[in-house]
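I opened this entry to look up the sheet, its helix and the pocket. My notes follow the structure.

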Amino acid sequence: MPIDLTLEYDDQNIFAKILRGEIPCRKVFEDEWALAFDDINPQAPVHVLVIPKGAYVSWDDFSAKASDAEIAGFVRAVGHVGRVLGLVEPGYRMLANIGMDAHQEVPHLHIHIFGGKPLGPMLMR
Ligand code: AMP
């Protein structure tokens, strides 16, 4: 079910548990600002999620409330993940779902990185 972004951050969400090490993930990259791991239900040959270490529900929440250092650190981490995965030359797609119409399911900001094949048009026609 998509989430209601009017709700407060829920520290029991699945990505908060991954950040605390309470449930496992297939880690791709980690630094002070971000954790990147394989999506459990990949939609492309490469499908990685990059999440900030801070408690932010969505891109909207993050862009409004995160510090400049958190924003810079996170944006650089997303770019770094694309590079370490070798996706820059062939190209890749990044995407964030925000709220109900976008069908955001996990209420902790995550950037999807898709790649590894030609991805076709951006949205279903
Ligand atoms: P969204 O619809 O943007 O909220 O996407 C949530 C994504 O999280 C989906 O692509 C799920 O497959 C993925 N996901 C859910 N639980 C896990 C998990 N435990 N480990 C990795 N990915 C997950």
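I started with β4 and β5 (residues 111–115): three bridges join these strands, which run antiparallel. The model is predicted. I then looked up the bridge partner of Arg93 and found Phe114 in β5.

Next I traced the whole sheet. I read five strands in an open sheet, in the order β1-β2-β3-β5-β4, with antiparallel pairing. Which strands are at the edges? They are β1 (27–30) and β4 (93–95), and each pairs on one side only. I noted the twist as well: from one strand to the next it averages 20°.

I looked up what packs on the sheet. Helix α3 (residues 68–84) does, touching β1, β2 (34–38), β3 (46–52), β4 and β5. The direction of α3 makes about 160° with that of β3.

The largest pocket has a volume of about 1,100 Å³. I counted 35 residues in its lining. Which of them are closest to the centre of the pocket? I listed Asp39, Gln43, His47, His112 and Phe114. Phe114 was already in my notes as the bridge partner of Arg93.

Which elements supply at least two residues each to the lining of the largest pocket? I found α1 (14–19), along with the strands β2, β3, β4 and β5.

Last, I sorted the lining of the largest pocket by residue class. I got 21 nonpolar residues, eight polar and six charged.

Methods:
Residues are numbered from 1 along each chain as its sequence is written. This is a predicted model: local features need pLDDT of at least 70, side-chain atom pairs count only at pLDDT 80 or more; totals for chains, interfaces and linings use all residues. Side-chain values use heavy atoms; hydrogens and water are left out. Two strands pair if DSSP finds at least two bridges between them. Helices (H or I, at least four residues) and strands (E, at least two) are DSSP runs, numbered from the N terminus. Axes are lines fitted to C-alpha atoms, for helices over the stretch in contact, and angles run from 0 to 180 degrees between N-to-C directions. Contact means heavy atoms within 4.5 Å. On a 1 Å grid over the protein atoms alone, a cavity is a set of points where a 1.4 Å probe fits but cannot get out, and a pocket is an open set with protein on both sides within 12 Å along at least five of seven lines; lining residues have an atom within 4 Å of a point. Grid points are joined across faces, edges and corners, and a volume is the space filled by probe spheres set on the points. Ala, Val, Leu, Ile, Met, Phe, Trp, Tyr, Cys and Pro count as nonpolar, Asp, Glu, Lys and Arg as charged, and the others, Gly among them, as polar.
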